[in-house]
Protein chains: 2
Amino acid sequence: MILHEDPRSGNCYKIRLTAALLGIPLQFRAYDIMNAETRTPVFLANVNGNGRIPVLQDGDKFLPESNAACFYLAEGSGLIPDDRFERADMLRWMFWEQYNHEPNVATLRFWMAFVGEDALNDLQRALLPGKREQGDAALALMDKQLASRRWFVGDRISLADIALYAYTHVSDDGGFNLKAYAHIGDWMERIASEPGYVPMNKETPLAVRGPAD
Amino acid sequence: MILHEDPRSGNCYKIRLTAALLGIPLQFRAYDIMNAETRTPVFLANVNGNGRIPVLQDGDKFLPESNAACFYLAEGSGLIPDDRFERADMLRWMFWEQYNHEPNVATLRFWMAFVGEDALNDLQRALLPGKREQGDAALALMDKQLASRRWFVGDRISLADIALYAYTHVSDDGGFNLKAYAHIGDWMERIASEPGYVPMNKETPLAVRGPAD
């Protein structure tokens with residue numbers, strides 16, 4: 001399988017981490033979204049008509065959306081709970097991540113650490129306080145959930161933890177104060193201690209998806 | 001099972017429609033988000049700490065996030081494909097719906113049809129052209145996908161169709177010109193012809209979730 005990705009993107013890292021925890025080998029094809037490499041006619045026609053990465057390729061099939069790709073890799077493994085309610089509850093946190101967490105926590109990381117606060121346009125500047133507030137609300141909700149439990153769903157790591165870990169553990173890049181969330185800190189240590197864990201590659205050009213992308 | 005909902009919300013309608021197509025009886029508990037009925041201490045403590053509807057209750061368990069609730073109801077039914085790739089591809093469209101479609105198509109419906117264009121604040125006014133453009137891009141991507149196929153995934157209706165139908169079929173409320181998307185029109189007719197189909201309740205107070213909610 002081939003992961004079409006930018007190594008800087010937390011959404012891409014989710015898939016890398018899922019594959020690593022499961023011992024599934026992946027090949028990688030890198031794109032730089034800052035240079036619109038996912039908007040070329042060839043990419044749009046063959047990889048993803050939505051012009052985004054990550055996309056997981058399995059043979060001649062292409063699967064966009066990071067959380068769907070993680071689900072594809074993890075079906076039948078312990079990363080997806082056996083219990084029907086817990087399985088849906090795992091998806092609940094993954095949908096919540098894409099709606100309430102990523103557009104705030106990941107977008108601020110992109111704006112602050114890669115675009116640069118001085119280079120933001122007027123609309124981004126106007127959105128910043130709201131995204132800061134909603135990002136902190138998302139982190140606070142996670143912290144509350146983790147106050148009484150080790151993992152988001154059930155009694156072991158699942159895709160819900162992986163999906164939420166990706167942008168949370170680098171949220172200080174976006175100016176969030178992770179030290180304020182002690183339970184998140186403990187949970188991040190548990191994830192980093194999992195057999196097969198791989199760190200996020202922070203060396204190469206960034207790509208996170210945001211409203212302007 | 002009890003659906004905590006506002007009958008006006010497309011996200012709530014997804015769950016109603018899924019249950020109707022499957023013949024699963026639901027009870028309903030209505031909230032008016034315009035009056036912050038999902039932000040009370042009791043709601044936050046017992047139903048959803050994220051302060052949102054819909055929430056599907058099964059006994060003493062509460063499941064927020066519309067698409068997760070649909071998955072919970074539909075597991076083991078024909079609304080979720082048997083094929084592993086198709087199942088992930090269904091989730092791909094459902095994640096895409098929450099990230100690329102709902103924040104544009106549903107939010108403009110809320111702003112235009114319920115808040116009223118004249119009552120929008122400056123930030124909402126500044127966001128409007130971008131949301132219009134991205135909402136049209138989402139509808140265009142759907143139309144393109146449906147040009148060569150009857151359903152989003154596989155050869156029959158799945159949760160992907162239900163998730164995308166909910167806000168698409170009322171997107172004219174938000175000022176989108178559905179007549180411009182012929183394949184979407186045909187697909188909407190197919191959905192409305194499914195045995196067990198129920199229409200959206202448009203009579204009672206609206207609630208869709210948006211950035212200000």
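Is Arg109(B) buried or exposed? At 1% relative accessibility, Arg109(B) counts as buried. The views below come from a predicted model. They cover the core, the contact between the chains, selected salt bridges and some backbone features.

**View 1. The largest nonpolar core holds 120 residues.** In soluble globular proteins, nonpolar side chains tend to be buried together.

**View 2. Leu91(A) touches residues of both chains.** In chain A, the partner is Phe71(A). In chain B, the partners are Ala68(B), Phe71(B), Leu91(B) and Phe95(B). Residues up to four places away in sequence are not counted here.

**View 3. Chains A and B bury about 3,700 Å² between them.** Carbon and sulfur atoms give 64% of that area. Three residues, Phe85(B), Phe95(B) and Tyr99(B), supply 23% of what chain B buries against chain A. In terms of contacts, 39 residues of chain B meet 39 residues of chain A.

**View 4. Polar contacts between the chains involve 14 residue pairs.** Both residues of each pair have pLDDT of 80 or more. Four elements of chain B each supply at least two residues of the side that touches chain A: strand S4 (61-64), helix H3 (66-74), helix H4 (84-116) and helix H5 (122-147). H4(B) gives the most, with 15 residues. By class, this side of chain B has 21 nonpolar, eight polar and ten charged residues.

**View 5. Glu75(A) and Arg87(B) form a salt bridge between the chains.** The closest N and O atoms are 2.8 Å apart. Glu75(A) lies in the loop between helix H3 (66-74) and helix H4 (84-116) of chain A. Arg87(B) lies in helix H4 of chain B. Arg87(B) counts as buried because its relative accessibility is 16%, under the 20% limit. Between chain B and chain A the count is two salt bridges. Over all chains, the structure holds ten.

**View 6. In chain A, Arg109(A) pairs with Asp173(A) in a salt bridge.** The N to O distance is 3.2 Å. This pair links distant parts of the chain, 64 residues apart. Arg109(A) sits in helix H4 of chain A. Asp173(A) sits in the loop between helix H6 (159-168) and helix H7 (182-192) of chain A. Arg109(A) is buried, with a relative accessible area of 1%. Asp173(A), at 24% relative accessibility, counts as partly exposed. Side chains of opposite charge can pair when their charged atoms come close.

**View 7. In chain B, Arg109(B) forms a salt bridge with Asp173(B).** Their closest N and O atoms are 3.2 Å apart. Here too the pair links distant parts of the chain, 64 residues apart. Arg109(B) is in helix H4 of chain B. Asp173(B) is in the loop between helix H6 (159-168) and helix H7 (182-192) of chain B. Arg109(B) is buried at 1% relative accessibility. Asp173(B) counts as partly exposed, at 25%.

**View 8. A cis peptide bond joins Ile53(A) and Pro54(A).** Omega is about 5 degrees. Pro54(A) is in the loop between helix H2 (41-46) and strand S3 (55-58) of chain A. In chain B, a cis peptide bond joins Ile53(B) and Pro54(B), with omega about 0 degrees. Pro54(B) is found in the loop between helix H2 (41-46) and strand S3 (55-58) of chain B. Most residues other than glycine have a negative phi, and most peptide bonds are trans.

**View 9. Ala36(B) has a positive phi although it is not a glycine.** The angle is about 60 degrees. Ala36(B) is found in the loop between strand S2 (27-30) and H2 of chain B. At 36% relative accessibility, Ala36(B) counts as partly exposed.

**View 10. Glu65(B), a residue other than glycine, also has a positive phi.** The value is near 75 degrees. Glu65(B) is found in the loop between S4 and H3 of chain B. Glu65(B) is buried, with a relative accessible area of 6%.

Key: Residues are numbered from 1 along each chain as its sequence is written. Chains are lettered from A and ligands numbered from 1 in the order in which they are written. This is a predicted model: local features need pLDDT of at least 70, side-chain atom pairs count only at pLDDT 80 or more; totals for chains, interfaces and linings use all residues. Side-chain values use heavy atoms; hydrogens and water are left out. A nonpolar core is a set of buried Ala, Val, Leu, Ile, Met, Phe, Trp, Tyr and Cys residues joined through side-chain atoms within 4.5 Å. Buried means under 20% relative accessible area, exposed over 50%, partly exposed in between (1.4 Å probe, protein chains only). Contact means heavy atoms within 4.5 Å. Buried area is the accessible area (1.4 Å probe) that two parts lose on being put together, summed over both. A salt bridge is a side-chain nitrogen of Lys or Arg within 4 Å of a carboxyl oxygen of Asp or Glu. A polar contact is a pair of N or O atoms within 3.5 Å; within protein, one must be able to donate a hydrogen and the other to accept it, and residues adjacent in sequence count only if both atoms are side-chain atoms. Ala, Val, Leu, Ile, Met, Phe, Trp, Tyr, Cys and Pro count as nonpolar, Asp, Glu, Lys and Arg as charged, and the others, Gly among them, as polar.
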